[in-house]
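Please read the numbered points with the model in view.

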Amino acid sequence: MKLTIHRGTNQIGGCITEYELEGWKLFVDFGDQLPGAPKSEDTLQIEGLNCGDTSKSALLITHYHGDHIGKLAEADPSIPVYMGHTAHDIYCKLQRRLTYIKGEAGEKATDILDRCKRVHTFLDGEKFSFGPFIIEPVKMDHSAYDAYGFIIENKSNDEDIVFHTGDFRTHGICGGQFYERIENLPSVKAIICEGTNIERDEKPAEPEFLIEQRFEELFKENKYNVVFVSSTNIDRLFGIYRAAAAANRPLLMDEYQFDIMKSVIGKEDWSRCGTDWEEYTDENGEQQSMPVDHYYEFNKGMLAVLHYNKTSKESPKFFIPDQLQRLINWKGCVLLARSTPQFTSLIDTFSKGKTKKYLSMWKGYLNPESQAYNADLAKSVGEDYEYVHTSGHADPNTLEQLFMKVDAEMIIPMHTSNPIKFLEKFPENQWQIRLIKDGETIDFENENYWADIETGE
């Protein structure tokens, strides 16, 4: 088996990886570059993916974040595409929403939505074959629901096998079960591993359940609560839902957000295993236990789905029935907000002195010096807000746990802006870190693939 990372060895996002065997090509992800990415051209022409002979090619999608799937419509239409079943459902709802945008963004969403009609879906652990490859999806904990890594095996040689992690973490709602999964992984030639947070300090990432607890405390303190959060961050949405219920505040959301949350209700996957206790490492490095409710159900609290007032001749607004308005006046509320006129109009009706705003997504969107700066979001959030968020990616301690538990001949980092940091964090005398460059090919059958370990100098 041969490996080529076309993009992603020295930047976060824009991921494109190729596995080649006997002339057959298996691509993993075809993503947009993140805003301001300076590392490579965005118009890559890749033989077998978007040009040339595609008769023996397939594309696997790890999850629905744009830096992994954003170029889906640019893949040759003849290529079979595979994606998690629920992730596909959520992604289609997202793209359908984006088609309402006028101009290039809406046109792109329309093209992607059309391509999604021909996507094959799979379930966790459900092996399937493509040419000489055997692929086993491995469900991963990530800020995108139904995210996957892949065990990719050569049909004719069960020792020719790799583990492609995709994006992952272990501090989400279902993160504890990740270790159970990797305990059973076979020995592999290589772990192709994301390294988004390799530059983080040694402090473990804050678990999602603590984010939920913080929200509960804040919601109890403040009558009107406005949370700016990604509508596809399922763990966070349900954490906010449970926190609002515990604080006895009605939870308000629009039809789109409700539709996204309904995608996971009743799913028979690893998230539906009841209340349990999981271990985590606190900021002092000590082992602690946390109660985790794995159920994604609307079974408590006061939930209100907001509809648009289509009769309004003024700026777009939500229709708020009198009964709901009385409840909001009495109980306050928690609003899942976006930076649109409808939400702005509603927020303006809340008492200023009793309203608290929160940002529950990456801070870079509010930084004017960041290429990802979102002026509309920054205006909606304002300056007086509280930051309540945790990463969707593995911290260095989690990476080390993975490397200790999975027997691999080499570890190849990607999805990182500082690959050299891997050599500092995981020294060569203990860990077999192999740094490669975009476009470089490794032949796992070549006995000399250890020669000239790349240092980046």
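1. In this predicted model, I240 touches a set of residues beyond its neighbours within four places in sequence: F215, F219, V227, V229, L251, V334 and L336. I240 also belongs to the largest nonpolar core, which has 52 residues. L59, Y64, Y91, F215, F219 and I234 stand with I240 as the residues with the most contacts inside that core. Helix α6 (residues 234-246) supplies the largest share of this core, namely seven residues. Another core, lying apart from it, has 28 residues, including L26, V28, F128 and F444. In soluble globular proteins, nonpolar side chains tend to be buried together.

2. Helix α7 (residues 255-262) has Y256, Q257, I260 and M261 as its buried residues. These lie on the same side of α7, because the arc they cover around the axis is only 135 degrees. Their cover includes α2 (85-98), α6, β13 (251-254), β18 (333-337) and α9 (341-347).

3. The side chains of R169 and D141 form a salt bridge at 3.5 Å, N to O. R169 sits in the loop between β10 (157-164) and α4, and D141 in the loop between β8 (133-140) and β9 (147-154), so this pair ties together parts that are 28 residues apart in sequence. Both of these residues are buried. R169 also meets D235 in a salt bridge (3.4 Å, N to O). Since D235 lies in helix α6, this second pair ties together parts 66 residues apart in sequence. D235 counts as buried at 7% relative accessibility, and R169 has a relative accessible area of 0%. Through shared partners, salt bridges join D141, R169, E208, D235 and R236 into one network.

4. The structure holds 24 salt bridges. One of them joins the side chains of R181 and D124 (2.9 Å, N to O). R181 is in helix α4 (residues 176-183) and D124 in the loop between β6 (119-122) and β7 (128-130), 57 residues apart. D124 is partly exposed, at 31% relative accessibility.

5. For the chain overall, the secondary structure comprises twelve helices and 22 strands. Of its 457 residues, 53% count as buried. Among contacts with a separation of 6 or more, 70% are between residues 24 or more positions apart.

6. Confidence should be kept in mind. The chain averages a pLDDT of 89, and 89% of the residues score at least 70. However, pLDDT stays under 50 over residues 268-275 and over residues 450-457. Where pLDDT is low, the predicted coordinates should not be read in detail.

Note on methods
Residues numbered from 1 in each chain as written. Predicted model: local features only at pLDDT ≥ 70, side-chain atom pairs only at ≥ 80, totals over all residues. Heavy atoms only, no water. Helix = DSSP H or I, 4+ residues; strand = E, 2+ residues; numbered from the N terminus. Buried < 20%, exposed > 50% of the residue type's maximum accessible area, 1.4 Å probe, protein only. Contact = heavy atoms within 4.5 Å. Core = buried A, V, L, I, M, F, W, Y, C linked by side-chain atoms within 4.5 Å. pLDDT = per-residue confidence, 0-100. Arc of directions from axis to C-beta. Salt bridge = Lys/Arg side-chain N within 4 Å of Asp/Glu carboxyl O.
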